[in-house]
Amino acid sequence: MKRWFSRLGSIALFAALFAPAAMAVNAFDVYSDPSCGCCGAWVNYMRTQGYAVTVHQDQPMAAVKARFSVPAAAMSCHTALIDGYVIEGHVPVEDIRRLLAERPDARGLAAPGMPAGSPGMELPDGRVQPYVVELIAHDGTTSAFAHHAY
């Protein structure tokens with residue numbers, strides 16, 4: 001019985017030490033304009049995918065994009081941060097999960113503009129406008145990371 005309580009204590013200590021780090025990987029900070037409904041739809045989408053999302057709507061978006069060095073060609077309506085990466089716009093969860101799994105030496109991902117049919121921009125008929133999720137390099141250049149609806 002003593003050994004069982006000792007193991008239980010070890011498990012609880014392990015969980016207490018490492019759970020915050022694991023939870024941080026699933027935590028987003030999203031910066032958006034309070035009048036933007038599609039940003040709220042993307043936040044809801046990310047929450048249904050198991051992410052904790054904190055929304056900040058009290059800062060000018062141009063200043064947010066400048067602070068996180070989002071290149072003009074990659075800009076969209078909202079900017080998010082997760083585990084040291086910038087996520088610009090309506091990026092699908094599978095691309096974010098891949099980014100976090102592969103951990104490329106990059107600034108983050110972007111779905112430039114507001115592609116119709118992307119998460120948060122769903123169309124009633126389910127169509128998806130073909131779009132590319134771009135990998136943003138530290139120097140601000142971008143390259144294709146994922147293709148959607150091609």
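**Notebook: a buried serine, a sheet and its cores**

Entry 1. I began with Ser 118, which has a relative accessible area of 0% and is therefore buried, since the cut-off for buried is under 20%. The model I am reading is a predicted one. I located Ser 118 in the loop between strand 5 and strand 6. Which residues does Ser 118 touch, not counting those up to four places away in sequence? I found His 90 and Tyr 131.

Entry 2. I then went through the whole chain. I noted 4 helices and 7 strands. Along the sequence they follow the pattern α-β-α-β-α-β-β-α-β-β-β. Of the 150 residues, 41% count as buried. I took contacts between residues at least 6 apart in sequence and found that 52% of them join residues at least 24 apart.

Entry 3. I turned to the sheet. Strands of a sheet pair through backbone hydrogen bonds, either parallel or antiparallel. Here 7 strands form an open sheet in the order 2-1-3-4-5-6-7, and the pairing is mixed. Which strands stand at the edges? They are strand 2 (52-56) and strand 7; each has a single partner strand, so one side of each has no neighbour in the sheet. From one strand to the next, I read an average twist of 20 degrees.

Entry 4. I checked two of the strand pairs. Strand 1 (residues 27-31) and strand 3 (residues 79-82) run antiparallel and are joined by 3 bridges. In this pair, Asp 29 has Leu 81 of strand 3 as its bridge partner. Strand 6 (residues 131-136) and strand 7 (residues 142-148) are also paired in the antiparallel sense, over 6 bridges. I found Glu 134 opposite Ala 144 of strand 7. Strand 6 and strand 7 form a hairpin with 5 residues between them, and in the turn Gly 140 has a positive phi of about 95 degrees.

Entry 5. I looked for helices lying on the sheet. Helix 2 (residues 37-48) lies across strand 1, strand 2, strand 3 and strand 4 (85-89), and it runs at about 160 degrees to strand 2. Helix 4 (residues 93-102) also packs on the sheet, where it touches strand 1, strand 3, strand 4, strand 5 (108-111), strand 6 and strand 7. The direction of helix 4 makes about 130 degrees with that of strand 7.

Entry 6. I looked up the nonpolar cores. In soluble globular proteins, nonpolar side chains tend to be buried together. The largest core in this model has 25 residues. Among those with the most contacts inside it are Phe 28, Trp 42, Met 46 and Ile 96. Strand 1, helix 2, strand 3, strand 4, helix 4, strand 5, strand 6 and strand 7 each give two or more residues to this core. A second, separate core has 9 residues, including Tyr 31, Phe 68, Val 70 and Ala 74.

Entry 7. I searched the whole structure for aromatic pairs and found 3. Why is the pair of Phe 28 and Trp 42 edge-to-face? The ring centres are 5.7 Å apart and the planes stand at 80 degrees, and over 60 counts as edge-to-face. Phe 28 is in strand 1 and Trp 42 in helix 2, 14 residues apart, and the pair links distant parts of the chain. The relative accessible area of Phe 28 is 1%, so this residue is buried. Trp 42, at 0% relative accessibility, counts as buried. The rings of Phe 28 and Tyr 51 have centres 5.3 Å apart and planes at 65 degrees, so this pair is edge-to-face. Tyr 51 is in the loop between helix 2 and strand 2, 23 residues from Phe 28. Tyr 51 is buried, as is Phe 28. Ring pairs link Phe 28, Trp 42 and Tyr 51 into a cluster.

Entry 8. Last, I looked for charges over rings. The charged end of Arg 67 sits over the ring of Tyr 31, 5.4 Å from the ring centre. The charged end of Arg 98 sits over the ring of Phe 145, at 3.8 Å from the centre.

Technical notes:
Residues are numbered from 1 along each chain as its sequence is written. This is a predicted model: local features need pLDDT of at least 70, side-chain atom pairs count only at pLDDT 80 or more; totals for chains, interfaces and linings use all residues. Side-chain values use heavy atoms; hydrogens and water are left out. Two strands pair if DSSP finds at least two bridges between them. Axes are lines fitted to C-alpha atoms, for helices over the stretch in contact, and angles run from 0 to 180 degrees between N-to-C directions. Contact means heavy atoms within 4.5 Å. A nonpolar core is a set of buried Ala, Val, Leu, Ile, Met, Phe, Trp, Tyr and Cys residues joined through side-chain atoms within 4.5 Å. Buried means under 20% relative accessible area, exposed over 50%, partly exposed in between (1.4 Å probe, protein chains only). Rings of Phe, Tyr and Trp (its six-membered ring) pair if their centres lie within 6.5 Å; planes under 30 degrees apart count as stacked, over 60 as edge-to-face and the rest as tilted. A charge sits over a ring if NZ of Lys or CZ of Arg is within 6 Å of the ring centre and within 35 degrees of the ring normal.
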